[in-house]
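Open the model in your viewer and keep the selection tool ready. The tour moves from one selection to the next.

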Amino acid sequence: MKKLINSPDTVVADFLEGMALAHPTSLRIDHENRVVLRGTPKDEGKVAIVSGGGSGHEPLHGGYVGRGMLDAACAGEVFTSPVPDQMQAATKAVDRGAGVLYIVKNYTGDVMNFDMAAELADAEDGIAVRQVITNDDVAVEDSTFTAGRRGVGGTVLVEKIAGAAAEEGRSLEEVAEVAERVNACARSMGMALTPVTVPANGKPSFELGDDEIEIGIGIHGEPGRRREPVASAREIAEKLLDPILAELPGEGPVLLMVNGMGATPLIELYIMAKEASQVLAERGVEVARHMVGDLITSLDMAGCSITLLRLDDELTALWDAPVDTPALHWSADDIQE
């Protein structure tokens, strides 16, 4: 195992210290509770949004803390849920009197611990909490980590659009409704060229031959639907998009997100974006918005995922709303293409 770390035991603490140094004004880090916070809290009377999960998926979630997105992100150990005390500390730190929305990926530990934190926030702190669980992965119904579908790339879209709704001053119920609608209209699927190596384990999470790819992987290195021979970018785009389209609800334009799993060169992601766009055009689907890059990763896994979100006028406007975080930022003057 070759990684730029000091020790597997200090990976999360060290990365949070580095993040604090890199973003001294836009972020605040509660190192004791391992919580990433907005440098400047949002206005009183606005809903706050908290998310989090195991580390190793950067820029999710800490990279999306800032204006127009998250108010706080809780960092667990690598691929391990944060604990309720972290979430309760984050909730108390960001509450502005209008309640707090938790955005939770559908992994058993995350769901259980966020549930406990919501109960604590209500009982001990008197803070109203709503939860939205993301479950956009079409690859599997259940896995080692979940009961039901996994929350993957759609989580990024939920965080951005719900964050914009909260920034507008909508109520907790209204922000939660928007978040639930985004999750219901998003579908994702991923693939791997190589497995992931977790620092604490020191070896790949599964074996994959030089001439093999894994279709339908999870973001913790869970194996996918099937193992196949290496294929072209066009063929891989079809293998991911066909099951997504089969389950994507509604009609109309979509947001296309092509995401790198952590070790895929950007040149390859742009190729995948081109091929995915062409496949969608041939299927009669208009792509109204694009996102390409490392957005929700799996440490050093090579591969990609594709997420589609069915758009309407409201979701498009909320997507286009200004955002200013370390990993995602644009202004009202920027043109979304």
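Start with helix α3. Its buried residues are Asp110, Val111, Asn113, Phe114, Ala117, Ala118 and Ala121. Buried means under 20% relative accessible area, exposed over 50%, and partly exposed in between, with a 1.4 Å probe and protein chains only. Helices (H or I, at least four residues) and strands (E, at least two) are DSSP runs, numbered from the N terminus.

A word on the model. It is predicted: local features need pLDDT of at least 70, side-chain atom pairs count only at pLDDT 80 or more, and totals for chains, interfaces and linings use all residues. Residues are numbered from 1 along each chain as its sequence is written, and side-chain values use heavy atoms, with hydrogens and water left out.

**Around α3**

Now show what covers those buried residues of α3. The cover includes β3 (48-55), α2, β5 (100-105) and β6 (129-134). Contact here means heavy atoms within 4.5 Å.

Select residues 108-125 to see the whole of α3. How far apart are its end C-alpha atoms? They are 25 Å apart, which agrees with the 26 Å that 18 residues should span at 1.5 Å a residue. The expected span is 1.5 Å times one less than the number of residues. Step on to glycine 126, which follows α3 and has a positive phi, near 65°.

**Glutamine 88**

Select glutamine 88 in helix α2 (residues 84-94). Is glutamine 88 buried or exposed? Its relative accessibility is 10%, so glutamine 88 counts as buried. Leaving aside neighbours within four places in sequence, glutamine 88 touches Ala117, Leu120, Glu124 and Asp125.

**Helix α7**

Go to residues 266-282, helix α7. Its 17 residues should span 24 Å at 1.5 Å a residue, and the end C-alpha atoms are 24 Å apart, which agrees. Highlight Leu269, Met272, Ala273, Glu275, Ala276, Val279 and Leu280, which are buried. Elements covering them include α6 (233-247), β10 (254-260), β11 (287-293) and β12 (303-310). After α7 comes glycine 284, with a positive phi near 80°.

**Two helices against α8**

Show α4 (residues 154-167) with α8 (residues 313-320). Their axes are 8 Å apart and the packing angle is about 90°. Axes are lines fitted to C-alpha atoms, for helices over the stretch in contact, and angles run from 0 to 180 degrees between N-to-C directions. That makes α4 roughly perpendicular to α8. Angles under 35 degrees count as roughly parallel, over 145 as roughly antiparallel, 65 to 115 as roughly perpendicular and the rest as oblique. On α4, pick Leu157, Lys160, Ile161, Ala164 and Ala165; on α8, pick Leu315, Leu318 and Trp319. This contact has 7 nonpolar, no polar and 1 charged residues. Nonpolar covers Ala, Val, Leu, Ile, Met, Phe, Trp, Tyr, Cys and Pro; charged covers Asp, Glu, Lys and Arg; the others, Gly among them, are polar.

Val178, Arg181 and Val182 of α5 meet Glu314, Leu315 and Leu318 of α8. By class, that contact has 4 nonpolar, no polar and 2 charged residues.

**Last stops**

Select cysteine 185, which counts as buried at 19% relative accessibility. Cysteine 304 is buried too, at 3%. How many disulfides does a search of the whole structure find? It finds 0 disulfides, a disulfide being a pair of cysteine sulfur atoms within 2.5 Å.

End at aspartate 333, in the segment after β14 (329-330). Aspartate 333 is exposed, with a relative accessible area of 72%.
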